[in-house]
Amino acid sequence: MMNLISSSLLGGSLAGAVMLVWFFSKCEQSELRNYKFFVLITSATIAAISLWLWFLIFTDDFTIYYVAQYSSTDLPAMYKISAFWAGQAGSLLFWLLIHALAGVILAFRNAPVRALSVYCFLQCLLNFLVVINSPFWENPVAQDNGFGLKPLLQDPWMAIHPPLVFAGYALLAIPFSLSLGNLLESSSKKWLESARKWTLIASVLLGAGIFIGGYWAWDPVENSSLVPWLVSVVLLHLIILSKKKSAVLPMAHIAAVFTYSLVIYGTFLTRSGVLGEFSVHSFSSSRISILIAFVNAIIFLGGLFIILIKAKDFPQGRMYENFKDPAYATLLGMLILVFIAIVIWLGMSAPLILQFFGESAAVRSTFYEAVTKPLALIMAAIMIYIFVKVGWQISFGGKIAHIGVVAGVAAMIISAQGETVDRIFMNSIEVDVFGHKFTYNGQIFETDSRRKFYVFNVDGQEVRALTKLRVNGDDAAREPAILRNFTGDIYIAPNPNNFRPQELIIDKDRFQMDGEIGYTFKNVEIKHVDDKYLESITAEIEVTDGVSTEIVQPMIRFERDGGISYPIEFLNGRRRIRLIGVSDDRLKLRLGILPTLEEISQAPITATISTKPFIWVLWLSAAAVCAGTLAAVKK
């Protein structure tokens, strides 16, 4: 019943957006006040749908498939908030929510009606994707608990990074809409100032999201956000230049189309499954990937078509007077930034492109470094030249942002001079690496065995590398230990030991020995859901060392990623086992004999040691870019 209501509301919001497209394409600017209420109603409907999904998550309604996949009864409240955008369907709904709320601001600030028509058309496309890939589908399996967030996503940054990125995505639709709306109406410069402010806001939100993602855990999928951000910076400078040089105006329109088209392209790339083998948090292949590609084609080709048919109305003139004109240097800098964006676009698209020529593959990070480093140096030199020539004309916020960019380029080059080496560490044995004293002091496991820490002492200071564990004890996500100094950071990234469990097959009601431990397989219970889906297999085994006797119950639980075998510790931690399988006749069990936590903690490890000189300058410059960009909005 609730799924029907949710689907009806989603359908209603889509119908409302379609009506608004029609109204705004036909009405005059003076009639806008007649339709503001309808914009508010449509956005309020989407907000209600979003709040309803959060309610379902917080009330552990596992009759909803999305809730069962990304939440659980024991998931902390902060991560239940994050569960909203953890999956594909929820993230699209969150994107639609921000888009709709921004639409209310546009309407009540009396944006041009043709621009509102384009904006509502984009909302129709997003709403359509949410309808097709709804987070409110019913769960075909009855579940008492959900699977929760993957360990990698159970991080405080998960509550900050994705919302910033999606806010940037949503707001980049505004300069796109202002651009095309202006072309559909008059081909004037009236849209430039409003587009400048919205591009600045979108750029700072998306940039902050990217920088936080890089600080948290950079991944190849982040390039899908980086490319539209770089092009949005190009768009911003072309908008500013167009106010003085009318001949630049067509390039500003083209940049607006490319910026938002690249947002949709990046969405397609991360949701098509193309990056599934190369990124730890891209989405797997889905049924809407082809629809996203279709939406991307509509936006890109439609935008370019409108520019093409309006080309005859664009003002003529020179983009710059001579090579000494600051406008020339600005355009040259933007051209270089476009080249950098193209290089990153080719790199992130390599798995898709190479599929047409055989086996898919990803490019190495050295590809990006080799090509973008000289381009970044040239761009920094151009920025310094512009500062010398016309720095007094740049606003205070603009100065801060540009200084941040130059400092960031310098920081990336300096930090890249660091060293990297692999070392073997024995417990409590001091090792000299890069002139620093390292001592490995073993591993510490949390009581619930969901996290462990590799403990190091570096020059007298203790640092810990975190590894988040799956329920079966395998590594799920790793964070390095970091020793922060003024001169730079030292990163310690332990490589997991590949302990291969010994296998033991035991027969029912037969006493069998493994070393000093005896096992008797007593019983096995196999549970199904709705007499159809396998839920769990639980064995009952009596174990003894000749002095003490215990009953242990190793279990396999079947979840979305397949069967998960839970390790069992017994005899005061002297032995650990997990259930691997049971024979069809239920008369034999296959057990995995695991090393004890004490054995794991004392075992030698290999760790990658890296130094990043003055890396803090990079993060400070990123903050300066965001702060300066935000300050420039008030110019």
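Okay, let's start with Ser-224, which sits in helix H10, residues 223-244. Helices here are DSSP runs of H or I with at least four residues, strands are E runs of at least two, and both are numbered from the N terminus. Before I go on: this is a predicted model, so local features need pLDDT of at least 70 and side-chain atom pairs count only at pLDDT 80 or more, while totals for chains, interfaces and linings use all residues. Numbering runs from 1 along each chain as its sequence is written, and side-chain values use heavy atoms, with hydrogens and water left out.

Back to the serine. Is Ser-224 buried or exposed? Ser-224 is buried, because its relative accessibility is 4%; the cut-offs are under 20% for buried, over 50% for exposed and partly exposed in between, with a 1.4 Å probe and protein chains only. Skipping neighbours within four places in sequence, Ser-224 has contacts (heavy atoms within 4.5 Å) with Tyr-169, Leu-262, Gly-266, Thr-270 and Met-348.

Next up, Val-409, in helix H15, residues 396-415. Val-409 has 8% relative accessibility, so this one counts as buried too. Leaving out residues up to four places away in sequence, Val-409 touches Ala-376, Leu-377 and Ala-380. Tyr-119 is 290 residues from Val-409 along the chain, and their C-alpha atoms are 36 Å apart.

Now the whole chain. We've got 17 helices and 19 strands, and the C-alpha trace spans about 95 × 65 × 45 Å along its principal axes. Of the 635 residues, 52% are buried. And among contacts with a separation of 6 or more, 65% link residues 24 or more positions apart.
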